[in-house]
Amino acid sequence: MHRIRIGSGAGYSGDRIEPAIDLAERGGLDYLVFECLAERTIALAQQARQRDPAGGYDPLLTVRMTAVLGACRRNGVRLITNMGAANPLGAAEATRAVARSLGLGGLRIAAVTGDDVLAVARKLDVALEDGGTLRGLGDRVISANAYIGAAPIVEALAAGADVVITGRAADPALFLAPMVHEFGWRMDDWDALGRGTMAGHLLECAGQVTGGYFADPGVKDVPELARLGFPIGEIHADGTLALTKLPGTGGCVTPATVKEQLLYEIHDPARYYQPDVVADFSAARVESDGPDRVRVHGGCGTARTGLLKLSIGYIDSCIGEGQISYAGPGAVERGRLALEIVRERLALTGVRTEELQLDLIGLDALHGDRLSRGHTPYEVRLRVAGRTATLEEAARIGNEVETLYTNGPAGGGGAWKSAREIVAVASALLPESAVRTTVTLLEA
């Protein structure tokens, strides 16, 4: 039976590069996928493109392409990624430049555009999940990107692309597309698309399914995490999946690691809404198939909704933060005194905060004082963070923490401060018919 091998080269923008190189060189892959966009990443990329119109794609794109393109070309591996972020065309141009520098003449690179739907969303004044509308966010809106599905990626593969670069595509769609292309699945074969989406969901977070996010020393031990291998999915034409990793790499692939990833970020396993299908994982079966090898089967699906999720990025507020450490006898008492000093100073100087958090990291920063009683650490780190309307106001918070150096209490060190805009994300729905994707082919 015809099968393909898909490797996961990244699970987020800043992921390790060495496991992807290993996969490209000795993975026996047909496809290597880099999934690099989180919820806020696209909005941050849009901000970057506003500062530099030639930018806006993943900052590690050139490094990654330089590292793997040669091996992919030698081994016949096609590459799919959403590293295009806010600028897939710019990312394709950058990739072409890398290919030329490596002497990879004739490499075909496709850019998939059309997910940037801010103008359409403004015109329709889409309703937000919190009950408001896009218009209500005013001039704070940075971006509105639709989660596109597998179809335009399939189009790019059919056109002969060796590398396909998208913007905001649904994570599983990056993996589903080569299955549709290779197996000739119809885009209304809901069970096949559901199984393919399940495979994509298991692969999309890279090292999570090979034991990274799973590891818990003494409870769920995982070997050699510093050398964690990223997963390989072997998918057959009927949608059955075997998950594995390269021999000699760290981590593990077990039914337990797979089950945890299967449920990761899933609200309802029977109704996992995607642009291509509503996937149903509720009847999935996960079985060991040998060392570091797990079979998954039993997924299905129903018709897609005709609606696409929008990720809307906007400036929510600003955050000012300051930190300083105290160590030695009386560290906790000095830290608590320092917090009270900063609280009073912010009030005396009229710093306007919408929200203020004062913590001693290592003592009460996560759970308050409920769990810290009777525990006296030798060192603590003070953190004061406040939400404000402006950057100028935010900067005043860190400044007050820094003054603890010389204005008491004794022994503070390692002060640090920052002030930054906070990019928040709102979700909305847009009719699929309102989104028009385009595939642009470049050649090195």
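The entries below go from the whole protein down to single residues.

**Ground rules**

I noted that this is a predicted model, where local features need pLDDT of at least 70, side-chain atom pairs count only at pLDDT 80 or more, and totals for chains, interfaces and linings use all residues. Residues are numbered from 1 along each chain as its sequence is written, and side-chain values use heavy atoms, with hydrogens and water left out.

**Entry 1: the whole protein**

I began with the secondary structure and found 12 helices and 18 strands. Helices (H or I, at least four residues) and strands (E, at least two) are DSSP runs, numbered from the N terminus. Next I looked up the radius of gyration, which is taken over C-alpha atoms; the globule rule is 2.2 Å times the number of residues to the power 0.38. The value is 24 Å, close to the 22 Å that the rule gives for 444 residues, so the protein is as compact as a globular protein of that length. Along the principal axes, the C-alpha atoms fill a box of roughly 70 × 55 × 45 Å.

I then checked burial: 53% of the 444 residues count as buried. Buried means under 20% relative accessible area, exposed over 50%, and partly exposed in between (1.4 Å probe, protein chains only). For contacts (heavy atoms within 4.5 Å), I took pairs at least 6 apart in sequence, and 77% of them join residues at least 24 apart.

**Entry 2: the cores**

A nonpolar core is a set of buried Ala, Val, Leu, Ile, Met, Phe, Trp, Tyr and Cys residues joined through side-chain atoms within 4.5 Å. Which residues have the most contacts inside the largest core? They are Met179, Val258, Leu310 and Ile312, in a core of 68 residues. Helix 7 (residues 171-183) gives the largest share of this core, with eight residues. Apart from it lies another core of 35 residues, including Ala24, Leu61, Val68 and Leu442.

Leaving out residues up to four places away in sequence, Val258 touches Leu202, Val209, Leu243, Val253, Val286, Val294 and Val296.

**Entry 3: strands and a sheet**

Two strands pair if DSSP finds at least two bridges between them. I found an open sheet of three strands in the order 9-10-13, with antiparallel pairing. Its edge strands are strand 9 (272-273) and strand 13 (300-302), each pairing on one side only. Strand 10 (residues 278-280) joins strand 13 over three antiparallel bridges, and Asp280 stands opposite Cys300.

Helix 8 lies across strands 9, 10 and 13, running at about 120° to strand 13. Axes are lines fitted to C-alpha atoms, for helices over the stretch in contact, and angles run from 0 to 180 degrees between N-to-C directions.

Is strand 5 (residues 141-146) enclosed or open? Six of its six residues are buried, so strand 5 is largely enclosed by the rest of the structure. Strand 5 pairs with strand 14 (residues 307-327) in the antiparallel sense over five bridges, with Asn145 opposite Ser311.

Ala206 has a positive phi of about 55° although it is not a glycine. I located Ala206 in the loop between helix 8 (190-203) and strand 7 (232-236), and it counts as buried at 0% relative accessibility.

Asp292 also has a positive phi, about 50°, and is not a glycine. Asp292 sits in the loop between strand 11 (285-288) and strand 12 (293-297), and at 26% relative accessibility it counts as partly exposed.

Last, I noted that the peptide bond from Gly408 to Pro409 is cis, with omega near 5°. Pro409 lies in the loop between helix 12 (404-407) and strand 17 (413-431).
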